[in-house]
Structure formats: structure tokens, C-alpha cells
Amino acid sequence: MVDAAGLLTANFPRREQLLAPWLLSQSLSMIYAPRGIGKTHVALGISYALASGGEFLSWKAPHPVKVAYLDGEMPGADLRNRVRAIADSAAKAVVPDFLQFMTPDLQPNGMMPNLYDRAGQELIAGAVGDAQVIIVDNISALVRGGKENEGESWQPVAEWALRMRASGRSVVFIHHAGKGGQQRGTSKREDLLDTVIALRRPGDYTPDEGARFEVHFEKARALYGEDVAPLEATLVTGDDGRQEWALRSAADGLDDSLLEMMSLGLSQSEAAKELNVGRSTVIRHLKRLQEDGRYQPKKKNLGGRPRFDPARNGSCPRCDGEGCSQCDG
């Protein structure tokens, strides 16, 4: 124990920004998303930016730091190809030995150490050396034991993460989303975390677009405003094979989709369903777009019969009598 005077005069290590604005030294974070949305793209992009003193998405590393990347399930050849694509497209090269990987294909028995037990934790602690950031990709593959939905089963991993933080390291956990869209398993995982980032599909996403997602900060200590504003990112490959991330505000992406749907004659309810958002969100965005002069609602025809007359023609083929812009329901 220490009294107030002792606390105020204690010589704690100064926390520094490693990837501004959200990743600090001695921090614990989580990035989660559904399968196939681009978690590993993000995890590798973050790792390369940290080890090179570069940038990823809208985040910047003030200087290079050592990173240990623990990959739990990707074939070694695929991991190599992804890192090569990042390196070929990056503005800066990683500092030699600043980005280290541990992958199953390079283990003697093809198995990664288990973060659930103390023996596996000690193996990893010895392997990461003096790395300042540890990327755990992913929880399901590297934490083998306990019950996912029970908070007590997370305790051994939480204690390991706290030991890493006490030693001056930061840990970034990569995790899957459950069927409801939240991080899968017990919410106790989030209690110790400084930052929780969710990757989500835009409402108008189509499979041919590849890696395109929205970045949402669900928990971010001491971050506000533009630092945590939702962001939409799309991985674009040029004719020369170089990759880059096209960025825009997630709100701008929703606005553009809404304007297109309104021009096609969809109702607010139909647009909300297509974009997988609430109708109140659609109404709020359309109101702002109208105030900005970018959207003008079509005037309803109050005289004469509607464009589609259910009394004469039966149920509307678009909404089957539920009400839409086609039948003015």
C-alpha cells in the first residue's frame, strides 16, 4: 500500500503513444469481427506500421517499436504472402528484427503454445523477448481450455495479460464476433481492456468488394471526438499490384448509400432494412442531408389515386400490402 503523498511522488514509467491515437505503451486492447471481414489484414497492418514507424488506416506510429506476432491458425505460406504484399506496398520498411512471427507451421509439432496454461504462457514470454507489443491472433486458436462463455475461464489469460502490462508490454487480442454481433463469449474479457474495436460490414457491402469494413471504437479510454469517429476502410489493389487502403467517414458512406436508395424510390423502412440500420438512423441522416441541401424529399401525391391501387390491382408486388413508396402505403 502507498499513501496519497507516496502515490503522487512515485516514479512510474511514462506511457507513450505507439500507434496514435489509441495504442499506448502498457495497454490491453481487443479487435473483433465476424469471420472473413478482415481481422488479420488489420492485425498485420498494425504490426507492420508499428515495426516500421509508419501508418495504417488513419493511425500513425511516431517511431518504430518491436512487435511479436502470434498467429494461431493461418498456414505459413498464406501469412508470408500477406506480409510480402504489405511490405511491397508500404512507404517504410520494418526495422530489422523489429517484427517477429510465431506460426504453427514453424513449430516442431505444428502446435502453438497454449495461452490458457502457465507452461504455454512461459514459452510465449520467453519467445517474445523484448517486444513491446504482442499481437494475439486469435483468442480462439491460442486460448485452448475453459468454457468460452464463463468469466472465470478467462482469468488465467487476464492474469497473463496483466503480467505483460506490468513488464511494460502492450497486448492486442484479435477475436471473433458471435452470432449477435458482439465479441464472442464472456464480456468479462473487456473489463481490463483500454480499447475495444469492432469491425463491421457496411450495410451495402457485396462479396465482390473483398476487404471493406467499418471501424467502430466501442471502448476507448481518454479518447473523444474525431479520434473515435467510425471509419470505413476498403483494401484497393492497383494495376501495379500495390495495395492501399481507401478511407472515408462511415457516416459519409451511409449518406451516399441512402441518397442512392432514395433516388431509386425506396421507402425509409426499405432503406433501413437494406443497410441493416434502424429506421431512426435513416430518418436522422436524411434530416441532416436535407438541412445540408443534399436531399429533397419527393412530394407525396395527395390527389387522385396512388401509383399502385391495391383496390383495383390487389397487393403491391413490391411490399405485398405492407406499405412502400410504390403503392404510397
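Helix α2 is mostly covered, with 13 of its 14 residues buried; buried here means under 20% relative accessible area, exposed over 50%, and partly exposed in between (1.4 Å probe, protein chains only). The structure is a predicted model, in which local features need pLDDT of at least 70 and side-chain atom pairs count only at pLDDT 80 or more, while totals for chains, interfaces and linings use all residues. Residues are numbered from 1 along each chain as its sequence is written, and side-chain values use heavy atoms, with hydrogens and water left out.

Just after α2, G53 takes a positive phi of about 70 degrees. Overall, the chain has 10 helices and 13 strands, where helices (H or I, at least four residues) and strands (E, at least two) are DSSP runs numbered from the N terminus. Its C-alpha trace spans about 80 × 55 × 40 Å along the principal axes, and buried residues make up 43% of the 329 residues.

Aromatic contacts come next. A search of the whole structure finds 8 aromatic pairs; rings of Phe, Tyr and Trp (its six-membered ring) pair if their centres lie within 6.5 Å, with planes under 30 degrees apart counted as stacked, over 60 as edge-to-face and the rest as tilted. The W22 and W59 rings have centres 5.4 Å apart and planes at 75 degrees, so this pair is edge-to-face. W22 lies in the loop between β1 (17–19) and β2 (23–24) and W59 in strand β5 (residues 59–60), so the pair ties together parts 37 residues apart in sequence. Both W22 and W59 are buried. F213 and W245 form a tilted pair, 5.5 Å centre to centre with 55 degrees between the planes. This pair links distant parts of the chain, F213 in strand β11 (residues 212–220) and W245 in strand β13 (residues 243–249), 32 residues apart. F213 is buried at 0% relative accessible area, whereas W245 is partly exposed at 21%. One aromatic cluster takes in W22, F56, W59, F213, F217 and W245.

Charges also sit over rings, meaning that NZ of Lys or CZ of Arg is within 6 Å of the ring centre and within 35 degrees of the ring normal. R189 lies over the face of W154, 5.1 Å from the ring centre, and the charged end of R201 sits over the ring of Y205, 4.0 Å from its centre.

Most residues other than glycine have a negative phi, and most peptide bonds are trans. The peptide bond from A20 to P21 is cis, with omega near 10 degrees, and P21 is placed in the loop between β1 and β2. Another cis bond joins D137 and N138, with omega about 10 degrees; N138 is found in the loop between β8 (133–137) and α5. D97, not a glycine, has a positive phi of about 70 degrees and is exposed, with a relative accessible area of 60%. A222, also not a glycine, has a positive phi of about 65 degrees and counts as exposed at 63%.
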